Amino acid sequence: MVKLCGICENERAILKRPKTAQQICKTCFYHVFETEIHHTIIDNNLFKRGDRVAIAASGGKDSTVLAHIMKTLNERHNYGLDLSLLSVDEGITGYRDDSLETVKRNQQQYELPLKIVSYQELYNWSMDDIVKEVGLKNNCTFCGVFRRQALDRGAVMLGVDHIVTGHNADDIAETVLMNILRGDVARLQRCTEIVTAGESMIRRSKPFKYTYEKEIVMYAYFKKLDYFSTECIYSPNAYRGHARIFLKDLEAVRPSAIIGKQFP
Ligand SMILES: Nc1ncnc2c1ncn2[C@@H]1O[C@H](COP(=O)(O)OP(=O)(O)OP(=O)(O)O)[C@@H](O)[C@H]1O
């Protein structure tokens, strides 16, 4: 028997929403997914009219969906934002060079200006050089700190007020776990904030704070978005990987482990 969409009760249900377990059609999925992000933006006053906003674009699924959604919502709800893409080239041969090709295609697809800043031009070394020197221990922590600063510097070059990143609910849950395991109380509080200000006082926000990674993947898949899906070649030993596996195990038993509001 054909199962009808739990929202419109008209179309055939073709997917089960990871966030609510509701079975819905493609059109209703697009609608709820986009509308929830719009509400996150409005309820948290993320932007004001006229803001110049850079979308931190790695070419991965999250930031590609973010670019698509920011453009769609800016036009649909007339936010009045001046959007651009900002990418950091960490100098990782066989990974970032390929993902940046995806970002360049996204630039054409979404008709947004793109600025690429590289570790080479900013710091005079690349992650390839660093890994050659120090190996694969702690390299992700190191790279993360420099990427943060590179994004701030790129934002200054672009003259933007605000950077949005594709961090999703799963990423934030992983970070919470990592901070608990490290006993880092100060970061534990900061890491769940939806808006923070970097050293340069450029606002940074996470419009996907309440969005499940699985739904981002589904959205990218159904919309046939052009994204790069390979993991970084230098991250196999990253501590985050352990938090991720543990969280996936918890989620299999109790799907609300990621956010904890949708299910009893
Ligand atoms: N090289 C980069 N240039 C610009 N922004 C980046 C870069 N790497 C990461 N980011 C930003 O930080 C967010 C989280 O980083 P993460 O390492 O999870 O990204 P990813 O797995 O490479 O790609 P994505 O999160 O887009 O799927 C990204 O969604 C993106 O907004």
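Helices (H or I, at least four residues) and strands (E, at least two) are DSSP runs, numbered from the N terminus. Residues are numbered from 1 along each chain as its sequence is written. The model on your screen is predicted, so to speak of local features pLDDT of at least 70 is needed, side-chain atom pairs count only at pLDDT 80 or more, and totals for chains, interfaces and linings use all residues.

**Stop 1: the ligand**

Select the ligand and its surroundings: 15 residues are near, with A56, G60, D62, S63 and G166 the closest. Here a residue is near if its C-beta atom, placed from the backbone, lies within 6 Å of the molecule or strand in question. Now colour helix 2 (61-76) and strand 4 (82-89), each of which gives the shell at least two residues. Helix 2 has the largest share, with three residues. Colouring the shell by class shows three nonpolar, seven polar and five charged residues. Nonpolar covers Ala, Val, Leu, Ile, Met, Phe, Trp, Tyr, Cys and Pro; charged covers Asp, Glu, Lys and Arg; the others, Gly among them, are polar.

**Stop 2**

Next, show the open sheet of six strands, ordered 5-4-3-6-8-7 with mixed pairing. Two strands pair if DSSP finds at least two bridges between them. At the edges, pairing on one side only, are strand 5 (114-118) and strand 7 (195-197). On average, neighbouring strands are turned by 30 degrees against each other, direction ignored. Zoom in on strand 4 and strand 5, which run parallel and are joined by five bridges. Pick D89 and you will find its bridge partner, S118, in strand 5.

Bring helix 2 back: this helix packs on the sheet, touching strand 3 (52-56), strand 4 and strand 6 (162-164), and its direction makes about 155 degrees with that of strand 3. Contact means C-beta atoms, placed from the backbone, within 7 Å. Axes are lines fitted to C-alpha atoms, for helices over the stretch in contact, and angles run from 0 to 180 degrees between N-to-C directions.

**Stop 3: two helix pairs**

Select helix 2 with helix 9 (residues 213-222): they pack at about 65 degrees, their axes 10 Å apart. K61, D62, T64 and V65 of helix 2 meet I216, V217, Y219 and A220 of helix 9. That contact has five nonpolar, one polar and two charged residues.

Finish with helix 5 (residues 127-134) and helix 6 (residues 139-158), which pack at about 150 degrees with axes 11 Å apart. That makes helix 5 roughly antiparallel to helix 6, a label for angles over 145 degrees. Show M127, I130, V131 and V134 of helix 5 against N139, F142 and C143 of helix 6. This contact has six nonpolar, one polar and no charged residues.

Note on methods. Angles under 35 degrees count as roughly parallel, over 145 as roughly antiparallel, 65 to 115 as roughly perpendicular and the rest as oblique. Two residues are in contact if their C-beta atoms, placed from the backbone, lie within 7 Å.
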